[in-house]
Amino acid sequence: MAKHAAVRFDRLLKSLFSRRTHSIRTLVRSPQRGRPLILNRSGLNKTIQQLQDLASECLAEDYARTEFDRLVDKRRRWHVTKSKGWGREAKKRNFNQWFDTKIPFPNCIYSFWSNSTCLYVGRTIRGKGRPQSHFDTHWFSKTTRIEISSTSLGSEVPKLECLAIHTFNPVYNRRRASKSMWAKKCPVCKVHEMIKDEISTIC
Ligand SMILES: [Zn+2]
């Protein structure tokens, strides 16, 4: 899949260059029929976004795998359907108990899943921002499991969260990973910045 994304990335850059040089190419040959290839600021911003998304597809999984293997001490899954008790409050109580006994560190990345679709990615740093706060959201009823990756290194949590967002593409995270100011260390965000800096100057 990453290979396909790399091909699309390349194709998009070629088409950008082709649009950028359209006017000088028409100087030496008769204009082609059909709509002229226009390059404007909003089109350029859209292309930057597409290139960043494709870059995420190419890079995020590898980076995430390496960094999660290096920094995560324990991974656990909690299955909603196996939880005893009906209703959100019962599930929350059940989860609380499980979380407090099974998660060894106060720092973790958590993700809510509906089978193979990631619904939400969040983080707990020094015990703050626990996954339980999402049991009351409108999308919680779709959740089939919650995955927790805990680490003893609180300072690495923002980077891990950012990588997880790039990799899983959660449906209900309002902000995109690259917008977060505390994920400066994220290698995928760095590539996003380089793409933006490079492409912004051509129009
Ligand atoms: Zn990032």
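**Figure 1. Helix 4 and its cover in the predicted model.**
Helix 4 is hardly covered, since the count of buried residues among its 16 residues is 0, where a residue is called buried if 20 or more other C-beta atoms lie within 10 Å of its own, exposed if 12 or fewer, and partly exposed in between, with C-beta atoms placed from the backbone. This helix runs over residues 87-102 and reaches 22 Å from its first C-alpha to its last, close to the 22 Å expected at 1.5 Å a residue, the expected span being 1.5 Å times one less than the number of residues. Helices (H or I, at least four residues) and strands (E, at least two) are DSSP runs, numbered from the N terminus. The structure is a predicted model, in which local features need pLDDT of at least 70 and side-chain atom pairs count only at pLDDT 80 or more, whereas totals for chains, interfaces and linings use all residues. Residues are numbered from 1 along each chain as its sequence is written.

**Figure 2. The two domains of the protein chain.**
The protein chain is divided into domain 1, made of 2-67 + 191-200, and domain 2, made of 74-151, with bounds that come from an automatic or database domain assignment. Taken over C-alpha atoms, the centres of domain 1 and domain 2 are separated by 38 Å.

**Figure 3. Helix 1 against helix 3.**
The axes of helix 1 (residues 2-20) and helix 3 come within 9 Å and cross at roughly 155°, which makes helix 1 roughly antiparallel to helix 3. Axes are lines fitted to C-alpha atoms, for helices over the stretch in contact, and angles run from 0 to 180 degrees between N-to-C directions; angles under 35 degrees count as roughly parallel, over 145 as roughly antiparallel, 65 to 115 as roughly perpendicular and the rest as oblique. Helix 1 passes helix 3 in a left-handed crossing, a crossing being left-handed if the near helix is turned anticlockwise from the far one by less than a right angle, and right-handed if clockwise. Residues of helix 1 including Phe9, Leu12 and Leu16 meet a set in helix 3 that includes Leu51, Leu54 and Cys58, contact being defined by C-beta atoms, placed from the backbone, that lie within 7 Å.

**Figure 4. Helix 3 against helix 6.**
Helix 3 and helix 6 (residues 187-200) pack at an angle of about 155°, with their axes 9 Å apart, so that helix 3 is roughly antiparallel to helix 6. The crossing of this pair is right-handed. From helix 3, Leu44, Ile48 and Leu59 are among the residues that meet helix 6, where the partners include Val188, Val191 and Ile195.

**Figure 5. Helix 3 against helix 5.**
Helix 3 (residues 41-71) and helix 5 (residues 157-168) pack at an angle of about 140°, with their axes 8 Å apart, and helix 3 is therefore oblique to helix 5. Their crossing is left-handed. The contact set in helix 3 includes Tyr63, Phe68 and Leu71, and the set in helix 5 includes Lys159, Leu160 and Leu163.

**Figure 6. Lys159 and Leu160 in helix 5.**
Lys159 is found in helix 5 and is buried, with 23 other C-beta atoms within 10 Å. Leu160, also found in helix 5, counts as buried with 26 C-beta neighbours inside 10 Å. Leaving aside neighbours within four places in sequence, Leu160 is in contact with Glu67, Phe68, Leu71, Ile109 and Thr151. The C-alpha atoms of Leu160 and Arg77, which are 83 residues apart along the chain, are separated by 17 Å, while those of Lys159 and Ser18, 141 residues apart along the chain, are separated by 36 Å.

**Figure 7. Ser152 in its loop.**
Ser152 is found in the loop between strand 4 (145-151) and helix 5, where this serine is partly exposed, with 13 other C-beta atoms within 10 Å. Not counting residues up to four places away in sequence, Ser152 touches Asp73 and Phe105.

**Figure 8. Two asparagines with positive phi.**
Asn115, in the loop between strand 2 (107-114) and strand 3 (117-124), has a phi near 55°, a positive value in a residue other than glycine, and counts as exposed with 8 C-beta neighbours inside 10 Å. Asn169 lies in the loop between helix 5 and helix 6 and has a positive phi of about 50° although it is not a glycine; this residue is partly exposed, with 17 other C-beta atoms within 10 Å.

Notes. Two residues are in contact if their C-beta atoms, placed from the backbone, lie within 7 Å.
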